[in-house]
Amino acid sequence: MPGTHSGIGLSGAFGRYFSLCALYLFFYYGLGAFSPLITQYYKSISLTGTQIGLISAVAPVVSIVAQPMWGLLCDRFQIRKAILILTLVASGLAGLFFVGVSTFAFVFLFYLILSFFQSAIIPISDSITLGYAKKYGLQFGDIRLWGAVGFALAAFVTGLLVERWGASMLFYSYCLALLIAMLFLLRVPDESEETPRFRVGMLAGMRDLLRIPRYLLFLLASFCVLGAVNANNIWFSLFYQEIGGTVAGVGLAFLLFAGSEAPFMKLAGVFVRKWGLELTLLFAAVCGAARWLWYSSAPGTTLVIALFFIQGISVGFYLATAAQFVRENTPASLQVTALAIFFSVGGGLGTMLCNLVAGWIKDAFSTLGIYLFFGIITVIGIIPLVLIAYGPWKQKAPDEKAEATQ
């Protein structure tokens, strides 16, 4: 229970909890410094739209291969914390490679390297945090929300630094944030000793996971839902300017959007306890679909900013509960692998598809058409969530399970 957190200073249980929160705060601060502002760097070195599109496709493609590889490595050798330390340091230092580079070939290469190491960080850190939260009776969303805080702060602060000192500041901010996150990780316990050893082959482990109906349906849902969410980070600035906004307004929008995720991640635990994981995820996806369809109608910028909290409801709820759903519906010995596949499907395949289709729609129609597509694909993603909640694979209530065993 939360009361278990006793101890004074940063050496006790509270210190370990504080370090986990700081890990998320600084890692996502690095992402917030990098992702929303990387297009400013591309513009400063005069990359074409086609070149920017190719580079943007690198991370999703790499994650499809690298995330399951990192996950299987962690599950086989039970070395989650060591690999997380390695990938935080390597990814942070890889960010410095971009400073002074001005050619497409080198940018593409360095982004490939950075994406390879960065792809391991989220599934491994989520796995460690889920284990810790379960042991002490905590809500995962209460820790994960600090990532949203870090991302929101970075988007605003680094934007000011870039405006004053140039695009290279985003890489310095990214590297520094990840190295600080690594220092806090050193104080974080790894609960992997409590899980059974992973003793099956890599392909067999993945095959076992894909035979779990609820997990497979959730992968299909996340392919659609998270694909649109992640692709929005690339296309929102163009959409916002098309409906009359300014570049400065994009920075404010990211600050408000990402910042709204934190309180809703905190509230996610309340909704999960009242509604359950399935209905919380379904509610988040429905709100997301409504948001994208509304954007496709060209609303005013004032209304988009005023209703910034819709991102908190849709994205905050989904991210805070998705990892918990994966953990509760997959074998303990394959936890990191299950999370890695989940992120590679939603953050990899889904994002890649949405970005490719969005690019085609932008050239053939308009940015508003992109958001119509995002709305449609999210509606498609709602279907497997409905099957999870109400279909033949819905989770049985305790009394139903008791009757089934008699």
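Ser 119 lies in the loop between helices α6 (104-118) and α7 (121-136); helices here are DSSP runs of H or I with at least four residues, numbered from the N terminus. The model is a predicted one, in which local features need pLDDT of at least 70 and side-chain atom pairs count only at pLDDT 80 or more, while totals for chains, interfaces and linings use all residues. Residues are numbered from 1 along each chain as its sequence is written, and side-chain values use heavy atoms, with hydrogens and water left out.

With a relative accessible area of 7%, Ser 119 is buried (buried means under 20% relative accessible area, exposed over 50% and partly exposed in between, with a 1.4 Å probe and protein chains only). Its side chain reaches the backbone oxygen of Phe 116 at 2.9 Å. Apart from neighbours within four places in sequence, Ser 119 is in contact with Ser 63, Ala 66, Gln 67 and Trp 70, where contact means heavy atoms within 4.5 Å.

Two helix pairs come next. Two packed helices are described by the angle between their axes and the distance between the axes. Axes are lines fitted to C-alpha atoms, for helices over the stretch in contact, and angles run from 0 to 180 degrees between N-to-C directions.

The axes of α8 (residues 140-165) and α9 (residues 168-185) come within 8 Å and cross at roughly 140°. That angle makes α8 oblique to α9 (under 35 degrees counts as roughly parallel, over 145 as roughly antiparallel, 65 to 115 as roughly perpendicular and the rest as oblique). The residues that meet are Thr 158, Leu 161, Val 162 and Trp 165 in α8 and Ser 168, Met 169, Leu 170 and Ser 173 in α9. By class, this contact has 5 nonpolar, 3 polar and no charged residues; Ala, Val, Leu, Ile, Met, Phe, Trp, Tyr, Cys and Pro count as nonpolar, Asp, Glu, Lys and Arg as charged, and the others, Gly among them, as polar.

For α11 (residues 213-242) and α13 (residues 277-295), the axes come within 11 Å and cross at roughly 35°. The contact between α11 and α13 has 10 nonpolar, 1 polar and 3 charged residues. Among the residues of α11 that meet α13 are Arg 214, Phe 218 and Val 225, and Glu 278, Leu 281 and Trp 292 are among those on the α13 side.

Arg 214 counts as buried, at 9% relative accessibility. A polar contact of 2.5 Å joins the side chains of Arg 214 and Glu 278; such a contact is a pair of N or O atoms within 3.5 Å, and within protein one must be able to donate a hydrogen and the other to accept it, with residues adjacent in sequence counted only if both atoms are side-chain atoms.

Methods. Helix = DSSP H or I, 4+ residues; strand = E, 2+ residues; numbered from the N terminus.
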